[in-house]
Amino acid sequence: MDKIYQEKYVQLENVSMSFPTKKGVFEALKGIHLNIREGEFISIIGHSGCGKSTVLNLIAGLLRPASGLLLCAGREITGPGPDRAVVFQNHSLLPWLTCSENVYLAVERVFGKKGTKEQLLNRTSAALDLVGLSHAAEKRPNEISGGMKQRVGIARALAMEPKVLLLDEPFGALDALTRAHLQDELMQIMGRSGCTAVMVTHDVDEAVLLSDRIVMMTNGPAATIGEILPVELPRPRARLALAENTDYNHLRSEVLKFLYERHAKKAA
Amino acid sequence: MNVITLQNESSTSMNIKASAARPAEAEETSSTPALPASIADMNRAIEERAARNRQRIRDFFQWLLPPMFGLMLFTAVWALASYQSDGLPGPIPTWHAAVALFSDPFYDNGPNDMGIGWNILNSLERVGLGFGMAALIGIPLGFIIGRFTFASRMAAPIIGMLRPVSPLAWLPIGLLVFKAADPAAIWVIFISAIWPMIINTAVGVSKVPADYMNVAKVLNLSEWKIATRILFPFVLPYMMTSVRLSIGVAWLVIVAAEMLTGGVGIGFWVWDEWNNLNVEHIIVAIFVVGIVGLLLEQILTLAAKKFSYE
């Protein structure tokens, strides 16, 4: 039984999604089939407006599909749950709580019944330690940089010890250097924790560097999965070494070709 | 600057020559060449400080003068009007009346003749009680209405219909239910203060960013945690606005309510002085009501700043 779930830990079966608008029903997604292995890192890439964030929100349980079935570990996803943590694009930290309190809120919810207050606090500081932010634990979100905020967001998600980590363009709002730094850190953390991850991105390099498979989506409306590209680069991966790697550059150009030749976004 | 350093160099070279003849004196003067520069620095510092002070004084007068002119103009118009009219007392008799009143604000000659201090305190107590109860009931109601669409739709017609009604229209109901004047006045304050409380709190709750609510959903927070960790801190500034608005309304209404109910209070006092044809005291009361209202507003604005998380 566990074997089956290892291969299809997260399962999307013929999922479609539509939103009611003033002009009628807008069909955002259609016929999405995707199986995600346990411990796999999946990137979803596509032009903006193709519904990649919608896929993530469906797995998170923040949205319910118009039709089709979503399963996690063999059970239907009917709503959000602590087994699927989300790192939001705009970090979504509560500005009136310190970094530590923001993480504690998540820890308390997931482990509150099992642990004492001291154990919960230890978990909180361990999570902040993991992203290298112990020194900023007592700071408020508006006192720290954008990169640090996003790290707290990651710490909050990881502190829940989720089965699946969902990342919605986690580094999109950061400058290139900070982004590279955080990508490296995320790679290390994911290597250690071994949890399954689904990341929405529009950054080709980020997708190739981090992923085991890249899911490339066609343009909406009624967007669907155009192609799935396996990234068989050995881990651990090093950014600098990969820049010269022919496989890496081949994969990179594959994604670029998909985005800019076959599914180029028409100029608005 | 260059001129000063040149002078320094020439004076040191002179000192060196002189030091051969009189070493003791040379030692004494060798420390002085640095002096002209330090004096210049000091002068500059003094000048800068003077400029800063001048600027500060100018700012102070720019802040002070327009309101002073406004008040002077107001007093002049008032004096002119009182000069032309028969019964309206001018600024000077009013001032004397005010001095007399405030020199003994807390005398007590029975319920119909008490010092102005007692009257103000009694009015403030009524406002405080009515207002406090309005906050106690209005804020949780606002939370519920803002959080749940069903409750909001349920409450919309009632609030929409009752809010525009003058709070004084509720006074007879208060008299009927409580069978006493004092609770009826408090009841009127309660009714006047509760609508801004409910509405602003509800608006605040409904404006909580979707991001924060998504966090709550993903973390699967309980309703209690959502209320205390997300809604309450976010809504606090809105609540402070509602408190400010409703204390303004309550303070407006108390004068009218007390005129009707009697007892000890600034509103009743105004009516009493009217019956005594003591118009100076009525004008003093108008100023007192205005100044107390202004103070309440200022205190709450300060409190609001303190509670803001940004």
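How many helices and how many strands are there in chain A?

Analyst: This is a predicted model, in which local features need pLDDT of at least 70 and side-chain atom pairs count only at pLDDT 80 or more, while totals for chains, interfaces and linings use all residues. Residues are numbered from 1 along each chain as its sequence is written, and chains are lettered from A, with ligands numbered from 1, in the order in which they are written.

Chain A has 9 helices and 10 strands. With a radius of gyration of 19 Å, close to the 18 Å from the globule rule for 268 residues, chain A is as compact as a globular protein of that length. The radius is taken over C-alpha atoms, and the rule is 2.2 Å times the number of residues to the power 0.38. Helices (H or I, at least four residues) and strands (E, at least two) are DSSP runs, numbered from the N terminus. The C-alpha trace of chain A spans about 55 × 45 × 45 Å along its principal axes.

Of the 268 residues in chain A, 42% are buried. A residue is buried if 20 or more other C-beta atoms lie within 10 Å of its own, exposed if 12 or fewer, and partly exposed in between, with C-beta atoms placed from the backbone. Two residues are in contact if their C-beta atoms, placed from the backbone, lie within 7 Å. Among the contacts in chain A with a separation of 6 or more, 71% are between residues 24 or more positions apart.

One pair of helices in chain A shows how such packing is described. The axes of α3(A) and α5(A) are 8 Å apart and meet at an angle of about 25 degrees. The two helices are therefore roughly parallel. Here axes are lines fitted to C-alpha atoms, for helices over the stretch in contact, and angles run from 0 to 180 degrees between N-to-C directions. Angles under 35 degrees count as roughly parallel, over 145 as roughly antiparallel, 65 to 115 as roughly perpendicular and the rest as oblique. The α3(A) and α5(A) crossing is right-handed. A crossing is left-handed if the near helix is turned anticlockwise from the far one by less than a right angle, and right-handed if clockwise.

On the α3(A) side, Cys99(A), Asn102(A), Val103(A), Ala106(A) and Val107(A) take part, and they meet Val152(A), Ala155(A), Arg156(A) and Ala159(A) of α5(A). By class, this contact has 7 nonpolar residues, 1 polar and 1 charged. In this count Ala, Val, Leu, Ile, Met, Phe, Trp, Tyr, Cys and Pro are nonpolar, Asp, Glu, Lys and Arg are charged, and the others, Gly among them, are polar.

Helix α3(A) also has a part in the contact between the chains. That contact takes 16 residues from chain A and 13 residues from chain B. On the side of chain A that touches chain B, β6 (84-87) and α3 (99-111) each supply at least two residues. The largest share, 3 residues, comes from α3(A). This side of chain A is made up of 12 nonpolar residues, 3 polar and 1 charged.

Next comes a loop residue. Glu138(A) sits in the loop between α4 (117-130) and α5 (146-159) of chain A. With 10 other C-beta atoms within 10 Å, Glu138(A) is exposed. Beyond its neighbours within four places in sequence, Glu138(A) is in contact with Thr98(A) and Ser100(A). Glu138(A) is 35 residues from Ala173(A) in sequence, and their C-alpha atoms are 24 Å apart in space.

Two backbone features of chain A remain. Most residues other than glycine have a negative phi, and most peptide bonds are trans. Ala222(A), which is not a glycine, has a positive phi near 55 degrees. Ala222(A) belongs to the loop between β9 (213-217) and β10 of chain A, and it is partly exposed, with 16 other C-beta atoms within 10 Å. Further along, the peptide bond joining Arg235(A) and Pro236(A) is cis, with omega about -5 degrees. The loop between β10 (225-230) and α8 (239-243) of chain A holds Pro236(A).

Chain B, for its part, has 12 helices and 0 strands. Of its 310 residues, 25% are buried.
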